[in-house]
Amino acid sequence: MLLEVPVIDVAPFHAGDAATKRAIAAQVGRAVNDIGFLVITGHGVDPNLIARVQAASNAFFDLPEPDKLAVLRPAPDITRGYIPLEAESVGRSQGLDVPGDLNESLMIGPVDVPPGDPYFFGPAAGKHFHPNLWPARPADLQPLYEAYFRAMGSLAEDLMAMFALALDLPETFFADKIDRHISRLRVRNYPAPLVPPKPGQLRAGAHCDYGSLTILRAEDKPGGLQVLNRAEQWVDVPIAPDSYIVNIGELMARWTNGRWKATLHRVVNPPMDQAAASRRLSLVFFHNPNYDAPVAALPGTVAEGEAPLFPPTTSGDHLRAQFVRTQVQAA
Ligand SMILES: O=C(O)CCC(=O)C(=O)O
Ligand SMILES: [Fe+2]
């Protein structure tokens, strides 16, 4: 049983033969089975794109508050736009009554939505394809976020193929369930604190992610990400050079009938004596399947004579319920 988050080089998956692919998938499967998290290198995302997305994001968060509020999230069930410091508490998704999180964020959804197509704009689509809200400044933020969203979508496809192989399913098993994915890119800025936190307040409260998987680019700063392992210990996630942190969300846990866990994680406060150097930017890509993708225990995950652990749901229904729960003002 892995009690620490492993670092896995996934580069050979691309060029590899069937045996190589299976070997990488097995390592990935072990990580998500044991601790729900892994760190990947060899992911193939252009480092220059990542750096430019980070620079544009920092420029946005440095704007005066009114510029940021011009793209304020319009409603709790619309996952677009700017969310100010302490306006959301992800710990509430666990039913905890905790203060607002010490981060501000900017969020977008799908970027290549075919205009007028009823799948995307009919009643069944709900608000999952709500138009993105783009700030007026910095001017290059929109094209950079769009390019980054596409890059994350294709990395997520690779990871879902690894998951399918790890579950002894065909490599393309998830392909038709994620080809119109309702993923979100959420860029979080954790400011350097000027005052100590309130009781129970964290940079991001303990929560599980809701979707299929999350791909996170984090910075190595005081006050970082911790994961609760199966021995109930909080362990720091290692930051390897040019790596991504990957974890599974609740929908993947449901697909595997709870065999793989959506692990609790949190972002802790920096010690006050290291506060000055603790500003931290995270690029968080929440990969979510198509809104109408059925999510129920996959073949082979329920033992004979046993009932599945969770009732069947769809990606869209599960996500909407969780988005609304975490809004502090919607309590
Ligand atoms: O910023 C981080 O390191 C993690 C953020 C996170 O867990 C989330 O946005 O769901
Ligand atoms: Fe998370």
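A residue is called buried if 20 or more other C-beta atoms lie within 10 Å of its own, exposed if 12 or fewer do, and partly exposed in between, with C-beta atoms placed from the backbone. By that count, 41% of the 331 residues in the protein chain are buried. This is a predicted model, in which local features need pLDDT of at least 70 and side-chain atom pairs count only at pLDDT 80 or more, while totals for chains, interfaces and linings use all residues. Residues are numbered from 1 along each chain as its sequence is written, and chains are lettered from A and ligands numbered from 1 in the order in which they are written.

**Overall form**

- The protein chain has eight helices and 14 strands; helices (H or I, at least four residues) and strands (E, at least two) are DSSP runs, numbered from the N terminus.
- The radius of gyration, taken over C-alpha atoms, is 19 Å for the protein chain, close to the 20 Å that the globule rule gives for 331 residues, so the chain is as compact as a globular protein of that length. The globule rule is 2.2 Å times the number of residues to the power 0.38.
- The C-alpha trace spans about 55 × 50 × 40 Å along its principal axes.
- Of the contacts in the protein chain with a separation of 6 or more, 78% are between residues 24 or more positions apart. Two residues are in contact if their C-beta atoms, placed from the backbone, lie within 7 Å.

**Strand pairing**

- Two strands pair if DSSP finds at least two bridges between them.
- Strand β1 (residues 7-9) pairs with strand β2 (residues 37-41) in the parallel sense, over three bridges. In this pair, D9 stands opposite T41 of β2.
- Strand β2 is also joined by four bridges to strand β10 (residues 244-248), and these two run antiparallel. Here F37 has N247 in β10 as its bridge partner.
- Four strands form an open sheet in the order β6-β11-β8-β9, with antiparallel pairing. Its edge strands, β6 (204-207) and β9 (234-236), each pair on one side only.
- Neighbouring strands of this sheet are turned by 20° against each other on average, direction ignored. Axes are lines fitted to C-alpha atoms, for helices over the stretch in contact, and angles run from 0 to 180 degrees between N-to-C directions.
- Within the sheet, three bridges join β8 (residues 225-228) to β11 (residues 265-267), and L225 has V267 as its bridge partner.

**Around ligand 1**

- The residues around ligand 1, meaning those with a C-beta atom, placed from the backbone, within 6 Å of it, include R186, D209, L225, H265, V267 and S282.
- At least two residues of this shell come from each of β5 (184-190), β11 and β12 (280-287).
- The shell divides into six nonpolar, two polar and three charged residues. Ala, Val, Leu, Ile, Met, Phe, Trp, Tyr, Cys and Pro count as nonpolar, Asp, Glu, Lys and Arg as charged, and the others, Gly among them, as polar.

- Most residues other than glycine have a negative phi, and most peptide bonds are trans.
- R137 and P138 are joined by a cis peptide bond, with omega about -10°. P138 lies in the loop between α5 (118-121) and α6 (141-166).
- D168, not a glycine, has a positive phi of about 60°. D168 sits in the loop between α6 and β5 and counts as partly exposed because it has 13 C-beta neighbours inside 10 Å.
- D242, also not a glycine, has a positive phi of about 45°. D242 is in the loop between β9 and β10 and is exposed, with 11 other C-beta atoms within 10 Å.
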